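Here's a quick tour for anyone meeting this protein chain for the first time. Have a look at the picture, then read on.

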Amino acid sequence: MKNKTIIYVAVAIIIGLILGKNIYDGYAKEVDDVFNEKRLENIYLIQYGVYSTIESMKENTKKLKSYFYYNEDDKFHVLIGVISDKKLKDKIVSSYNIDTNIYLKKIQTDNITFLETLKQYDDLVQNTSDNNTIINAEKQILSKYEELILRSESNIN
């Protein structure tokens, strides 16, 4: 009788360990998935224009105090700012004193460093009315966009 009790207890402990391990592994995987999931966030590129040649781009951007361009699909895309809040578009455009149509291009990124930096610059733009400060802030964030987004994408491809 004593041997049967020991066998039952041993079997119960082994079954308990197996079930406990399976349950723990299931929850541990779900927790890892939640913390490893990258969240894409929307950002908006304030695009001044797209040009087929660099000469036409330079000719059409003479009146801009600051801008950034990149080449994609053999077209030159001219940007004057990057924002995370669409409401800032008009404030930035008016600081450049532009009367042409400006296109807001939505893209997504999961680059946390860039998103945190963009939030700080958006706050600066939101809380100032000085046009030079706004233009300089956008110049800085465009530099960060090139460094943290465009260069990292080109390294992947």
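## Strands side by side

Leu45 stands opposite Val82 in β3. The two strands involved, β1 and β3 (residues 75-83), pair in the antiparallel sense over 7 bridges; strands count as paired if DSSP finds at least two bridges between them. Strands here are DSSP runs of E with at least two residues, while helices are runs of H or I with at least four, and both are numbered from the N terminus.

β1 also has β4 as a partner: the two run antiparallel and are joined by 7 bridges. Along that pairing, Ile46 has Leu104 as its bridge partner in β4.

## A word on the model

This is a predicted model, where local features need pLDDT of at least 70 and side-chain atom pairs count only at pLDDT 80 or more, while totals for chains, interfaces and linings use all residues. Residues are numbered from 1 along each chain as its sequence is written, and side-chain values use heavy atoms, leaving out hydrogens and water.

## Charged pairs

The structure holds 5 salt bridges, each being a side-chain nitrogen of Lys or Arg within 4 Å of a carboxyl oxygen of Asp or Glu. One of them joins Lys105 and Glu72, at 3.8 Å from N to O. That pair links distant parts of the chain: Lys105 sits in strand β4 (residues 103-109) and Glu72 in strand β2 (residues 68-72), 33 residues apart. Glu72 counts as partly exposed because its relative accessibility is 34%.

Lys62 and Glu59 form another salt bridge, with N and O 3.2 Å apart. Lys62 has 61% relative accessibility, so it counts as exposed. Arg151 and Glu146 make a salt bridge too, their closest N and O atoms lying 3.8 Å apart. Both ends are partly exposed: Arg151 has a relative accessible area of 48%, and Glu146 comes in at 29%.

## A tucked-away serine

Now for Ser95, which lies in helix α3 (residues 89-96). Is Ser95 buried or exposed? Ser95 is buried, because its relative accessible area is 4%.

What does Ser95 touch, leaving aside its neighbours within four places in sequence? Its contacts (heavy atoms within 4.5 Å) are Asn131, Ile134 and Ile135.

How values were computed:
Buried < 20%, exposed > 50% of the residue type's maximum accessible area, 1.4 Å probe, protein only.
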